[in-house]
Amino acid sequence: MKTPGRRITAAATAREWAVVTIDGKSRIEGITKQGLVQRTGLSTRDLRAVDSGLSYPSSFFGREKAIVVNLEHIKAIITASEVLLSNSRDPLVEHVRRELESRLAGGTQKLPSPDNAQDGQGSTNDVPRGGTTKALPFEFRALELCLELASKRLEIETLALEKEAYPALDELTHNVSTLNLERVRQIKSRLVGISSRVQKIRDELEHLLDDDVDMAFMHLSEKLMYQASVGQSTRFDFYKQPPQSDEESDGDHEEEDALQEEKDDENENETVIGFRPNLDELEMLLEAYFVQSEGILNKLTTLREYVDDTEDYINIMLDDKQNQLLQMGVMLSTATMILSLGITIVGLLGMNIHISLYDAPPSLSFWETTGGVIGGSLGLYIIILAYYRKRKLL
């Protein structure tokens, strides 16, 4: 018999999850970690990806009974019959819950049973993918909504950053000030952050599209159909080598090897779960958001290039200003040198010694001497500047 203290401890470890069922109804449940493991079949390591108290990069992957989704603010566990949203009190998560309710309420899907599995009802592999109006499985619709909301949030942040960045960069090119430089620094920091988030989602989508086994694990409804139809004639393709007669086995080995290679290529998406689902629906779904993430990333790349071009332009402007200051410094240094030479001459003439120049009339000797010193200094200064220009120093 459990004591009250143990019941309080168990209740304290339970976390609130927003549960959205397959028919679009939602509720708030307190679920412990152990109960979540039993309910979804996930390991405690997988549950860390949807722990709101931990910071994990964006990722989503399939397991035997559930799909784990960690995209931006969305931390969810998708099963074949329900979606569990972590951090249910967050307003952003509340928006996700309402969207799930409205989307899922419009397309209720029954869970597979042995009867409809045997009769072929609810089959998706036998229906052509191109142009079909059949609703996606429940887990794909929930996954699509998570990808859509995450991509939309990144798109909104990217557009807001573009609206703020381009005017700030243009202003910086006209007025290089501390305030404008600080604004551009903050914009560049946000740009790096958004780019890394979009790149992570793009890489996850690319990795998933390249791995048929991972995509097969995400077909939760089809796995239920397979489990319900084991031992019966079903629509799933199995990979068993057909029996061969002795005459066939003695045939051309080269042709047999070629056929075997073709078969291996066709069976690339065979998985350890015992069946090969048709991956067309999931591939088209993931490719659509892969293209969208590529588009967002291209916008951010264009903005980054504009920032880099602006920085290069600012550096060129600063280098030009620095060169002008250096030229001015050279000219002032030369003028100071010439002026010092003139002062030296005047100082020599002002010494208390008697020379023949003092015997001339004062008015004539003063102006001749002053004019000679000033004229000689200016002439020498012009000659030095001409030498600088000839050597391309100015």
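**Note on the predicted model**

1. Val176, Leu181 and Leu318 make up a nonpolar surface patch, with about 230 Å² of accessible area together. Patch residues have over 30% relative accessible area and no salt bridge; like charges are joined within 9 Å, nonpolar side chains (Val, Leu, Ile, Met, Phe, Trp, Tyr) within 5 Å. Areas follow the Shrake-Rupley method with a 1.4 Å probe, and for residues only the protein chains shown count as cover. Valine 176 sits in the loop between helix H6 (138-174) and helix H7 (178-210). Its relative accessibility is 33%, so valine 176 counts as partly exposed. The cut-offs are under 20% relative accessible area for buried, over 50% for exposed, and partly exposed in between (1.4 Å probe, protein chains only).

2. A word on the model. It is predicted: local features need pLDDT of at least 70, side-chain atom pairs count only at pLDDT 80 or more, and totals for chains, interfaces and linings use all residues. Residues are numbered from 1 along each chain as its sequence is written, and side-chain values use heavy atoms, with hydrogens and water left out.

3. Overall make-up. The chain has 13 helices and six strands. These are DSSP runs numbered from the N terminus (helices: H or I, at least four residues; strands: E, at least two). Of the 394 residues, 36% are buried. The chain exposes about 23600 Å², and carbon and sulfur atoms supply 56% of that area. Take the contacts (heavy atoms within 4.5 Å) between residues at least 6 apart in sequence: 70% of them join residues at least 24 apart.

4. The cores. A nonpolar core is a set of buried Ala, Val, Leu, Ile, Met, Phe, Trp, Tyr and Cys residues joined through side-chain atoms within 4.5 Å. The largest one holds 57 residues; Phe60, Val69, Val83, Leu100 and Leu286 have the most contacts inside it. H6 gives the largest share of this core, 15 residues. A second, separate core has 14 residues, including Ile31, Leu36, Val37 and Phe61. In soluble globular proteins, nonpolar side chains tend to be buried together.

5. Leucine 286 deserves a look. Setting aside neighbours within four places in sequence, leucine 286 touches Phe60, Leu147, Leu205, Leu208, Leu209 and Met215.

6. Helix H9 (residues 220-228) is mostly covered, with seven of its nine residues buried. Leu220, Ser221, Glu222, Lys223, Met225, Tyr226 and Ala228 are the buried ones.

7. Salt bridges. The count is 23, taking a side-chain nitrogen of Lys or Arg within 4 Å of a carboxyl oxygen of Asp or Glu. Lysine 299 pairs with glutamate 155 at 2.7 Å, N to O. The pair links distant parts of the chain, 144 residues apart: lysine 299 is in helix H12 (residues 280-349), glutamate 155 in helix H6. Lysine 299 is partly exposed at 30% relative accessible area, whereas glutamate 155 is buried at 18%.

8. Where do glutamate 164 and arginine 190 lie? They form a salt bridge, with the closest N and O atoms 2.7 Å apart. Glutamate 164 is in helix H6 and arginine 190 in helix H7, so the pair ties together parts 26 residues apart in sequence. Glutamate 164 is partly exposed at 35% relative accessibility; arginine 190 is partly exposed at 35%.

9. Lysine 188 and glutamate 311 meet in a salt bridge at 3.0 Å, N to O. This pair joins helix H7 to helix H12, 123 residues apart. Elsewhere, Arg27, Glu29, Arg39 and Glu82 are linked in a salt-bridge network.
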